[in-house]
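Here is a short briefing to read alongside the structure.

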Amino acid sequence: QVQLVESGGGLVQPGGSLRLSCAASGSINSLYVMGWYRQAPGKQRELVAAISGGDTTTYADSVKGRFTISRDNAKNTVYLQMNHLKPKDTAVYYCNARLRRPTMTFALDYWGQGTQVTDSS
């Protein structure tokens, strides 16, 4: 069993900040790319940011300069620091991890349950 548990979402004022966390637990042999996606009402899920095992990062254009993704490999945890939040950032944020379990020779994607981020404007 593998679980991704997210925390840190909530209601924030315009221009405010939030920090999301996602911890992967369970039977994990190798943890590769970890990332954050979001889905606003009526829209498709989109990539917000991702980070490789070697700390290479990628960001959606809409969040560059405002959001920072990081990871703690010792804790199998990925973070998303969100600053200068805007109304358009309101969405459910999902953690994603590509990992390989001990009994498998290939990696699979796992998802968290989602955490709501709402701009209060």
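A residue counts as buried when its relative accessible area is under 20%, as exposed when that area is over 50%, and as partly exposed in between (1.4 Å probe, protein chains only). With that in hand, look at the two cysteines: Cys22 and Cys95 are both buried. Keep in mind that this is a predicted model, where local features need pLDDT of at least 70 and side-chain atom pairs count only at pLDDT 80 or more, while totals for chains, interfaces and linings use all residues. Residues are numbered from 1 along each chain as its sequence is written, and side-chain values use heavy atoms, with hydrogens and water left out.

**The disulfide**

- A disulfide is a covalent bond between the sulfur atoms of two cysteines.
- The structure has one disulfide, and a pair of cysteine sulfur atoms is given that name here when they lie within 2.5 Å.
- Its partners are Cys22 and Cys95, with sulfur atoms 2.1 Å apart.
- Cys22 sits in strand β3 and Cys95 in strand β9, so the pair ties together parts that are 73 residues apart in sequence.
- The torsion about the S-S bond of Cys22 and Cys95 is about -80°, so this disulfide is left-handed.

**The overall build**

- The chain contains eleven strands and zero helices; both are DSSP runs numbered from the N terminus, with helices (H or I) of at least four residues and strands (E) of at least two.
- The radius of gyration of the chain is 14 Å, close to the 14 Å that the globule rule gives for 121 residues, so the chain is as compact as a globular protein of that length.
- That radius is taken over C-alpha atoms, and the globule rule is 2.2 Å times the number of residues to the power 0.38.
- Buried residues account for 40% of the 121 residues in the chain.

**The nonpolar core**

- A nonpolar core is a set of buried Ala, Val, Leu, Ile, Met, Phe, Trp, Tyr and Cys residues joined through side-chain atoms within 4.5 Å.
- The largest one has 29 residues, and those touching the most other members are Trp36, Val48, Phe67, Val78, Leu80, Met82 and Tyr93.
- Strand β9 gives this core its largest share, five residues.
- Leu80 has contacts (heavy atoms within 4.5 Å) with residues including Leu18, Leu20, Trp36, Val48, Phe67, Ile69 and Tyr93, leaving aside residues up to four places away in sequence.
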